[in-house]
Amino acid sequence: MRFPFPPLLALGAFVTSASFAAPSSADPWAAGLTLDYAAVDAGLAVLHASKPEDLNAQLAYASSLLMKQPRSNGNLRTALDLSAEVLTRPTATTDQRVLARYLLARIYHIHLDAPELDHAATEYRKLLADFPGHPLAEQAAVKLALLYLYQSPNLAPPDAQKHVADLLARVTTADARRELHFLLGKEIWLAAHDPANALQHLIAARELDFQQLDRNAEVDLMIGNIARENGRPDLALPHLRRFLAQRERDPRVTTVRRYVRQLESLAANDQR
């Protein structure tokens with residue numbers, strides 16, 4: 001999920017029609033869908049207070065506290081407590097448990113003024129261990145990979161890459177596999193300067209297609225340049241051509257066209 005309010009919008013996917021009245025201007029769920037965070041927070045505070053047994057409302061209220069202004073450490077700690085408490089409830093469904101743990105991980109990772117990365121990593125790992133294959137557990141694998149690669153100063157690059165490779169072996173969804181292949185390919189190229197291994201992962205990522213179309217073009221350019229610089233014109237040409245087809249007005253087009261002409265000339269000479 002890539003929404004500004006992921007836990008609330010995710011809850012909306014499985015909350016039952018019996019849980020709430022039809023949407024109205026005072027309905028916090030409807031306000032959440034329009035990103036009216038002030039109305040969301042006010043409405044969910046009332047809803048949670050009046051129905052403390054409703055875990056959907058509790059998780060949504062915890063999520064709303066992350067957006068509440070003015071921002072305060074007290075609100076963030078309350079969100080942590082509310083999320084953790086859901087995990088103690090015997091009536092919590094699998095989806096509610098997954099959302100609670102994911103919310104814990106994200107608060108520890110990116111919301112606190114002083115991130116608690118060890119706690120975040122622990123929650124991500126628990127998601128992967130306890131809910132294998134769940135979409136949010138798969139997304140947790142990507143977040144954990146980012147933590148290994150960019151927020152673990154005591155972890156040497158080869159060790160960080162090994163951890164990410166281990167995560168790749170565990171995930172099953174195309175989205176998670178694409179992102180982990182991309183992260184591995186990029187880091188193997190930048191840190192290890194291993195073009196063959198980097199290209200293998202980048203090509204695997206590109207074959208799965210990125211949701212943001214501009215990323216497809218960027219990965220085509222990355223593959224094309226690595227291949228061009230490392231004696232693989234056969235691989236460079238199709239990816240550079242794909243970049244040109246997708247980004248006609250990009251300021252790099254003139255340079256890429258020159259590379260394509262050079263590679264085409266080399267290929268023509270090789271065939272003589």
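In the predicted model, T173 is placed in the loop between α9 and α10, where helices (H or I, at least four residues) and strands (E, at least two) are DSSP runs numbered from the N terminus. With a relative accessible area of 27%, T173 is partly exposed; buried denotes under 20% relative accessible area, exposed over 50%, and partly exposed the range in between (1.4 Å probe, protein chains only). The C-alpha atoms of T173 and G133 are 7.5 Å apart in space, although 40 residues separate T173 and G133 in sequence. The model is a predicted one, in which local features need pLDDT of at least 70 and side-chain atom pairs count only at pLDDT 80 or more, while totals for chains, interfaces and linings use all residues. Residues are numbered from 1 along each chain as its sequence is written, and side-chain values use heavy atoms, with hydrogens and water left out.

The secondary structure of the protein consists of 14 helices and zero strands. Of its 272 residues, 47% count as buried. Contact is defined by heavy atoms within 4.5 Å; among contacts between residues at least 6 apart in sequence, 53% join residues at least 24 apart.

Two helix pairs are considered next. Packed helices are described by the angle between their axes and the distance between the axes. The axes are lines fitted to C-alpha atoms, for helices over the stretch in contact, and angles run from 0 to 180 degrees between N-to-C directions. The axes of α8 and helix α9 (residues 157-170) cross at roughly 170° and come within 9 Å. This angle makes α8 roughly antiparallel to α9, given that angles under 35 degrees count as roughly parallel, over 145 as roughly antiparallel, 65 to 115 as roughly perpendicular and the rest as oblique. On the α8 side, the contact is made by E138, A141, L144, A145, Y148 and L149, and on the α9 side by A160, Q161, H163, V164, L167 and R170. These residues divide into eight nonpolar, two polar and two charged, where Ala, Val, Leu, Ile, Met, Phe, Trp, Tyr, Cys and Pro count as nonpolar, Asp, Glu, Lys and Arg as charged, and the others, Gly among them, as polar.

For α10 and α11, the packing angle is about 155° and the axes are 7 Å apart. That angle makes α10 roughly antiparallel to α11. The crossing of α10 past α11 is left-handed, a term used if the near helix is turned anticlockwise from the far one by less than a right angle, and right-handed if clockwise. Helix α10 contributes R178, H181, F182, L184, G185, K186, I188 and W189 to the contact, and α11 contributes P195, N197, A198, H201, L202, A204 and A205. By class, nine nonpolar, four polar and two charged residues form the contact of α10 with α11.

A nonpolar core is a set of buried Ala, Val, Leu, Ile, Met, Phe, Trp, Tyr and Cys residues joined through side-chain atoms within 4.5 Å. The largest such core has 56 residues, of which I107, Y124, L127, L144, L167 and L180 touch the most other members. Helix α8 (residues 135-150) gives the most to this core, with ten residues. When neighbours within four places in sequence are left aside, L167 is in contact with L128, A141, L144, A145, Y148 and L180. Another core, of 23 residues, lies apart from it and includes L199, V219, A236 and L237.

N230 is located in the loop between α12 and α13 (233-246) and counts as partly exposed at 33% relative accessibility. Residues up to four places away in sequence not being counted, N230 touches W189 and P195. The C-alpha atoms of N230 and P195 are separated by 7.1 Å, across 35 residues along the chain.

Most residues other than glycine have a negative phi, and most peptide bonds are trans. H193, in the loop between α10 (174-192) and α11 (195-207), has a positive phi near 50° and is exposed, with a relative accessible area of 56%. D209, in the loop between α11 and α12 (213-229), likewise has a positive phi, of about 65°, and is partly exposed at a relative accessible area of 42%. A cis peptide bond with omega of about -5° joins Q69 and P70; P70 is placed in the loop between α4 (55-65) and α5 (73-86).
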